[in-house]
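Hi,

Here is the structure I promised to pass on.

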Amino acid sequence: MPVMNSEYAGRKPDEFRILTEFEGVPNSRALATYKTKGGYAALEKVVGGKMPTEELIALVKASGLRGRGGAGFPTGMKWGFVPKAPGEKYLITNFDEGEPGTYKDRYIAELSPHMLIEGKILGAYAIGAGKSYIYLRGEFFDEIAWCEAAIKEAYAAGYLGENILGSGFTHHMDIYVGAGAYICGEETGLISSLEGKKGQPKLKPPFPAVKGYLGKPTIVNNVETLAVVPWIVRNGAAAYKAFGTEKSAGTKLFNISGPVVRPGCYELPLGYPLKRFIYEDCGGLLNGRKLKAVIPGGASAPVLTADEVENMTMDYEAFAAAGTMLGSGAVIVIPEDVSMVHVLENLMHFFKDESCGQCTPCREGTGWLNKMARSIVAREATLEDLQRVFTVANSMAGKTIC
């Protein structure tokens, strides 16, 4: 089982401030405020200093940064897959954030969207992309406005546009607003939507890094992934790896919801004890209720029992070993007086509605599971129906495109 770095094992969450350093800072979304904490210094170092792109990619690789959208793929390695040959290339930020229980990317935009903007420009420089998009969920009205304002400020300051900082590097950035489809959180479904097509995932290979948006090399990174890159450039790979575990480096934003005393968005080092997070940092469950289960990484992550929470650490390897996943880092707490069948019915209602309909196992299976969950809640199900739930679920897992 991974353990926390002994250097910070006794420290409190408010000491782990990379993405949350603007909490409580007045006018934190403004460019002037961002620059008071080193904002755009990384861009000036890399782009203004004409750092070789291979050096930037190597730095991100050395930091151990893994994608924060759910898959956890090494970011520097992903950037390295883009062909070096000249030509059109794109960097797309996945800001769809449709996973139930997840609001970490929205929190980044609320605190300081310039973290994302600077990180995007650095990522674009690394892969040689002259154009990038932020794919934003349509319901995020405030976040759209905040990102648009930050982009305008960046253009006015010369951090976006032609010949950035006299480097010869040109980069333009736009926002694309989706229509609230959960499936567009999957990178190839997102690309399909950005191309004006129905938001449906594509078969891989080819992978987007080789053939993505408009058939050109494309990297899709999550908001949280890109927002931390400027800090890594300013402070170095070793400083970032000082947090987390050997294989799960750095800090991560965790959302916690459900009947806990202090729900919200917390920045914690990967490898942090889940039980300590729930009972110490979040104050435990309301009114002395007892814990029944936890969904650790958003609605699509398999459930952990209360017993499994006891010695669980929050990192990619520990969750995988327990048969679940870190996912988006959305921790959903379920107390003992809540029926797991009602939880199942609620989740299956969501997934039934959000299925893109492309693959038969998902299109039909989510509907069947929703019906069967409703029949169990209504006390109309039989033992054969319960077995049929397992049969349908096993016929879906790993048998669809996404």
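Asp96 and Arg137 form a salt bridge, with their closest N and O atoms 3.1 Å apart. (A salt bridge here is a side-chain nitrogen of Lys or Arg within 4 Å of a carboxyl oxygen of Asp or Glu.) Asp96 sits in the loop between β1 (90-95) and α5 (104-111), and Arg137 in the loop between β2 (131-136) and α7, so the pair ties together parts that are 41 residues apart in sequence. Helices (H or I, at least four residues) and strands (E, at least two) are DSSP runs, numbered from the N terminus. Asp96 counts as buried because its relative accessibility is 0%, and Arg137 is buried too, with a relative accessible area of 10%. For those words, buried means under 20% relative accessible area, exposed means over 50%, and partly exposed is in between (1.4 Å probe, protein chains only).

Before you read on: this is a predicted model, where local features need pLDDT of at least 70 and side-chain atom pairs count only at pLDDT 80 or more, while totals for chains, interfaces and linings use all residues. Residues are numbered from 1 along each chain as its sequence is written, and side-chain values use heavy atoms, leaving out hydrogens and water.

Back to the charges. A search of the whole structure turns up 21 salt bridges. One of them joins the side chains of Lys204 and Glu186 (3.9 Å, N to O). Lys204 is in the loop between α8 and β4 and Glu186 in the loop between β3 and α8, so this pair ties together parts that are 18 residues apart in sequence. Lys204 is partly exposed at 34% relative accessibility, whereas Glu186 is buried at 16%. Both belong to a salt-bridge network that links Lys78, Glu186, Glu187 and Lys204. There is also a salt bridge between the side chains of Lys202 and Glu195 (2.9 Å, N to O); Lys202 is partly exposed at 30% and Glu195 is buried at 19%.

Pro205 lies in the loop between α8 (187-194) and β4 (218-222).

Now, which buried charged residues have no salt bridge? Asp315 is one of them: the nearest side chain of opposite charge, Arg66, is 7.5 Å away. (Lys and Arg count as positive, Asp and Glu as negative; His and the chain ends are not counted.) Asp315 is in the loop between β10 (313-314) and α14 (316-321). The side chain of Asp315 makes a polar contact with the side chain of Thr313 at 2.7 Å, and a polar atom of that Asp315 side chain lies 3.3 Å from the backbone nitrogen of Glu317. A polar contact is a pair of N or O atoms within 3.5 Å; within protein, one must be able to donate a hydrogen and the other to accept it, and residues adjacent in sequence count only if both atoms are side-chain atoms.

Arg68 is another: it is buried without a salt bridge, and the nearest side chain of opposite charge, Glu224, is 4.1 Å away. The side chain of Arg68 does make a polar contact with the side chain of Tyr240 (2.9 Å). You'll find Arg68 in the loop between α3 and α4.

On to the sheet. Five strands form an open, mixed sheet in the order β6-β5-β11-β8-β9, and its edge strands, β6 (264-269) and β9 (304-305), each pair on one side only. (Two strands pair if DSSP finds at least two bridges between them.) β5 (residues 251-257) and β11 (residues 330-335) run parallel over three bridges, with Asn255 opposite Ala330 and Ser257 partnering Ile332. On the other pairing, β8 (residues 291-295) and β11 are antiparallel with four bridges, and Ala293 partners Ile334. Six of the six residues of β11 are buried: Ala330, Ile332 and Ile334 point one way, and Val331, Val333 and Pro335 the other.

Arg379 has a positive phi of about 60 degrees although it is not a glycine, and it is exposed at 79%. Leu165, also not a glycine, has phi near 55 degrees and is partly exposed at 34%.

Cheers
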